[in-house]
Amino acid sequence: MIQKSTIDNTNIYFQANNDLPMIDIALNFRAGSAFDGNINGLSDLAVGLFATKTKVSSEQELINKITDIGASIHAETTKEYFSVKIRVLSDDTVITKLLEILKEIFTQADFDKKILAREKSQTTTHISYLYNQPNYLASLEFSKNLFANNPYSQPTIGHIDTIKNITVKDIEDFYARLICASNANICIIGDIDNFNAEKIANTIIQSLPKGEKNLQTFKQTKNPNHIIKKPYKSKQTSILMGHQLFLDIESPLYFPLKLGNEILGGGGLNSLLFNKVREELGLVYNIGSSINLNPEYGSFVISAQTSNPNLALETINDIYKNFITTEINDKTLANTKKHIEGTHLLGSVRNSSKLSMMSSIANKDLSLDFFDTYSEKTNKVTAKQIKDAFEAIQHNELITVLVGDV
């Protein structure tokens, strides 16, 4: 069971797991790309400069310090969160050295111009590559229209023009403003007790500037129903169709929608879309659907890659219309529930998966037993509830994007 405590207004989440002599830690700062302002890609570039150099250690010396204790420290960013993931042996001496390294990283950071130039070059090269991928171009256009007038419409990695203009001062300002104790939560799982987990968390908190909590919020606005076609020379046309979800993750529609999506397109080889559009008709290279609910944004999306876009889109629409007007049969419902339960149980074995679940609880302010009761709540969902849930979201306007031979 996850335990929660608070140190100086920073929430701490902890769960013991003594299967391996390891500890996994996540520091989650509400500092993702949605808060980049006019410098799109800033948080993602800041990830690239995390733990690269300090005022007392060169880049190689810092790498050596981390590898010498067998630890792993890396950062990553999403639309909403900048997260530092740490894995280390549950040995007192090693943990002490780890905390000294983290203190050095947070209090003595030195953002080097040469390292920044290297990271900017790598990022712009990757963006150039992505701009030659029709599926990425489709995702850009889709997000731009789905979340119009909202920073969630912008790519986390940024744009070439914005990346080129980022300076060391921009990176320093980002860390000074958002990477602080008041804007963080700390998740710890592994071979350690609650008392020592809180000691670790407290030491990390003392190494961070206190700062201020990021209270910035964004509002989703409804968009008109429309189809966007972008010609692009490619053998495969990328299709994205879907709409916003104006729902909270605690909504009673959440579990019916998640279970229904698994049946429709989220279940991979077992989904309705895959079996009909790819296996039976051979119309697509790849197809699936997803439902995402976050505190600031939500979406339902069907994605596909095809060489026959008109017929594929017509078939997808027919399958989806039939899905939302027909109750799922008992056998399909039972099999999908078993699949979800098995997948959930397998995922719950690994520390990394447990840490990800704990971070979701912390970042989305969910109940501490949210994932403990996940299978139970899924198994209670009826076919009628799935049908009713998908009918309830049909008032949201559908946006369809095609990039390729259109």
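Analyst: On a 1 Å grid over the protein atoms alone, a cavity is a set of points where a 1.4 Å probe fits but cannot get out. A pocket is an open set with protein on both sides within 12 Å along at least five of seven lines. Lining residues have an atom within 4 Å of a point. Grid points are joined across faces, edges and corners, and a volume is the space filled by probe spheres set on the points. This is a predicted model, where local features need pLDDT of at least 70 and side-chain atom pairs pLDDT 80 or more, while totals for chains, interfaces and linings use all residues. Residues are numbered from 1 along each chain as its sequence is written, and side-chain values use heavy atoms, without hydrogens and water.

User: How many cavities of 30 Å³ or more are there?

Analyst: Rolling a probe the size of a water molecule over the atoms shows where empty space is left. Here the count is one cavity of 30 Å³ or more. The largest cavity has a volume of about 40 Å³.

User: Which residues line the largest cavity?

Analyst: Lys-222, Asn-223, His-243, Gln-244, Phe-246, His-395, Asn-396 and Glu-397. That lining divides into one nonpolar, five polar and two charged residues. Ala, Val, Leu, Ile, Met, Phe, Trp, Tyr, Cys and Pro count as nonpolar; Asp, Glu, Lys and Arg are charged; the others, Gly among them, are polar.

User: What is the volume of the largest pocket, and which residues are closest to its centre?

Analyst: The largest pocket holds about 960 Å³ of space. It is lined by 35 residues, and the closest to its centre are Asn-292, Asn-294, Ser-356, Ser-360 and Lys-364. The lining has 13 nonpolar, 15 polar and seven charged residues.

User: Which helices and strands supply that lining?

Analyst: Helices (H or I, at least four residues) and strands (E, at least two) are DSSP runs, numbered from the N terminus. Strand E5 (82-89), H9, strand E9 (284-293), H12 and helix H13 (351-364) each give at least two residues to the pocket lining. H13 provides the largest share, six residues.

User: At what angle do helices H9 and H12 pack?

Analyst: Axes are lines fitted to C-alpha atoms, for helices over the stretch in contact, and angles run from 0 to 180 degrees between N-to-C directions. Helix H9 (residues 254-266) and helix H12 (residues 330-347) pack at about 105 degrees, with axes 10 Å apart. That makes H9 roughly perpendicular to H12. The scale: under 35 degrees is roughly parallel, over 145 roughly antiparallel, 65 to 115 roughly perpendicular, and the rest oblique.

User: Which residues of H9 and H12 meet?

Analyst: Contact means heavy atoms within 4.5 Å. Leu-259, Glu-262 and Ile-263 in H9 meet Thr-332, Leu-333, Thr-336, Lys-337, His-339 and Ile-340 in H12. This contact involves four nonpolar, three polar and two charged residues.

User: In what order do the strands of the five-strand sheet stand?

Analyst: Strands of a sheet pair through backbone hydrogen bonds, either parallel or antiparallel. Two strands pair if DSSP finds at least two bridges between them. The five strands form an open sheet in the order E7-E11-E8-E10-E9, with mixed pairing. Strand E7 (226-231) and E9 stand at the edges with a single partner strand each, so one side of each has no neighbour in the sheet. Neighbouring strands are turned by 10 degrees against each other on average, direction ignored. Helix H11 (residues 309-325) packs on this sheet. H11 touches E7, E8, E9, E10 and strand E11 (399-404), and its direction makes about 30 degrees with that of E8.

User: How many bridges join E8 to E10?

Analyst: Eight bridges join strand E8 (residues 237-244) to strand E10 (residues 298-306), and the two run antiparallel. Ser-238 stands opposite Gln-305 in E10.

User: What is the order of the sheet of six strands?

Analyst: This open sheet runs E1-E2-E6-E3-E5-E4, again with mixed pairing. Strand E1 (3-7) and E4 are at the edges, each with a single partner strand, so one side of each lacks a neighbour in the sheet. Neighbouring strands here are turned by 20 degrees on average, direction ignored.

User: Over how many bridges does E5 pair with E3, and with E4?

Analyst: Strand E3 (residues 22-29) and E5 pair antiparallel over eight bridges. Ala-26 has Lys-85 of E5 as its bridge partner. Strand E4 (residues 72-77) and E5 also pair antiparallel, over six bridges. Ile-73 stands opposite Ile-86 in E5. A hairpin of four residues joins E4 to E5.

User: Do E2 and E6 pair in the parallel or the antiparallel sense?

Analyst: Strand E2 (residues 10-16) and strand E6 (residues 184-190) pair in the parallel sense over six bridges. Tyr-13 stands opposite Cys-187 in E6.
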